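Look over the sequence and the model before reading on.

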Amino acid sequence: MAGSHQAMVSWLLTVIFVLLLIPCVQRVTRPDVLRTGRHRDSDLAELLLTLAMVAMLSPVGGPIPAAGWQAVLLLVATYFLWAFLRDRRVSSFAGHGAHGHGGHGHVANHAVLMFYMLTAMPHEPGMSHGPWFTMAGMDPSASLALPALAIAGAVALAADAALCGTRLVRSSAGAGAWYSSREAYRATMGLGMAYSLVAAI
């Protein structure tokens with residue numbers, strides 16, 4: 001029964017993150033990105049992180065091995081941490097906040113925690129870490145290394161998701177705008193990652 005429940009939750013989360021891919025693709029392919037003040041690097045990173053969540057949560061996994069995702073996440077985390085620090089330095093010199101500052105930190109934080117999940121999962125014989133990667137097939141009795149880090153990350157993600165959800169509810173946007181909004185993306189990604197971290201402990 002536990003296995004059936006786990007599979008059902010995995011499929012539900014997979015469907016949610018596949019649906020989350022749609023606004024991510026729309027943001028990446030939108031021709032007026034620069035005019036609306038968005039940066040294509042952030043949009044592309046969010047698309048990659050969402051694809052990584054689909055691969056990790058899906059019971060059928062994906063064709064990219066764990067090492068491939070680790071490399072992608074490390075590159076994303078490094079780039080956006082650098083961008084976050086650069087923006088802070090620029091804003092301190094200019095005396096005002098730099099555009100994209102909070103978004104860069106958010107992307108870097110998600111990439112770091114996803115890299116941690118992939119690196120800290122058990123590496124025992126029989127685990128599915130080969131070319132067809134899936135985390136959903138992990139032994140339920142196995143747990144992530146450094147569980148205190150997973151708990152801290154889950155609490156931070158849940159708190160950020162709650163803040164984003166509150167801002168979303170207080171906005172006057174309609175249902176369509178909610179679905180495609182960055183606040184909805186951050187809340188959904190945060191809750192999905194928080195669940196994944198807690199479930200893997």
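## A pair between H5 and H7

Arg-167 and Glu-183 join through their side chains in a salt bridge, with 3.1 Å from N to O. The two residues belong to distant parts of the chain: Arg-167 is in helix H5 (residues 147–170), and Glu-183 is in helix H7. They stand 16 residues apart. The model is a predicted one.

How accessible are the two partners? Arg-167 has a relative accessible area of 42%, so this residue is partly exposed.

## Glu-46 and its two partners

The structure has five salt bridges. Glu-46 takes part in one with Arg-27. Their closest N and O atoms are 3.7 Å apart. Again the pair links distant parts of the chain. Glu-46 sits in helix H2 (residues 40–57), while Arg-27 sits in helix H1 (residues 2–29). The separation is 19 residues.

Glu-46 also meets Arg-182 in a salt bridge, at 2.3 Å from N to O. Glu-46 lies in helix H2 and Arg-182 lies in helix H7 (residues 182–199), so this pair ties together parts that are 136 residues apart in sequence.

Which class does Glu-46 fall into? With 3% relative accessibility, Glu-46 counts as buried. Arg-27 is buried too, because its relative accessible area is 6% and the cut-off is under 20%. Arg-182 has 22% relative accessibility, so this residue counts as partly exposed.

## A network of four residues

Which residues are linked in a network of salt bridges? They are Arg-27, Asp-43, Glu-46 and Arg-182. Glu-46 pairs with Arg-27. Glu-46 pairs with Arg-182 as well.

## Cysteines without a disulfide

How many disulfides does the count give? The count is zero, with a disulfide taken as two cysteine sulfur atoms within 2.5 Å. Two cysteines can still be placed by their accessibility. Cys-24 is at 0% relative accessibility, so Cys-24 counts as buried. Cys-164 is likewise at 0% and counts as buried.

Technical notes. Residues are numbered from 1 along each chain as its sequence is written. This is a predicted model: local features need pLDDT of at least 70, side-chain atom pairs count only at pLDDT 80 or more; totals for chains, interfaces and linings use all residues. Side-chain values use heavy atoms; hydrogens and water are left out. Helices (H or I, at least four residues) and strands (E, at least two) are DSSP runs, numbered from the N terminus. Buried means under 20% relative accessible area, exposed over 50%, partly exposed in between (1.4 Å probe, protein chains only).
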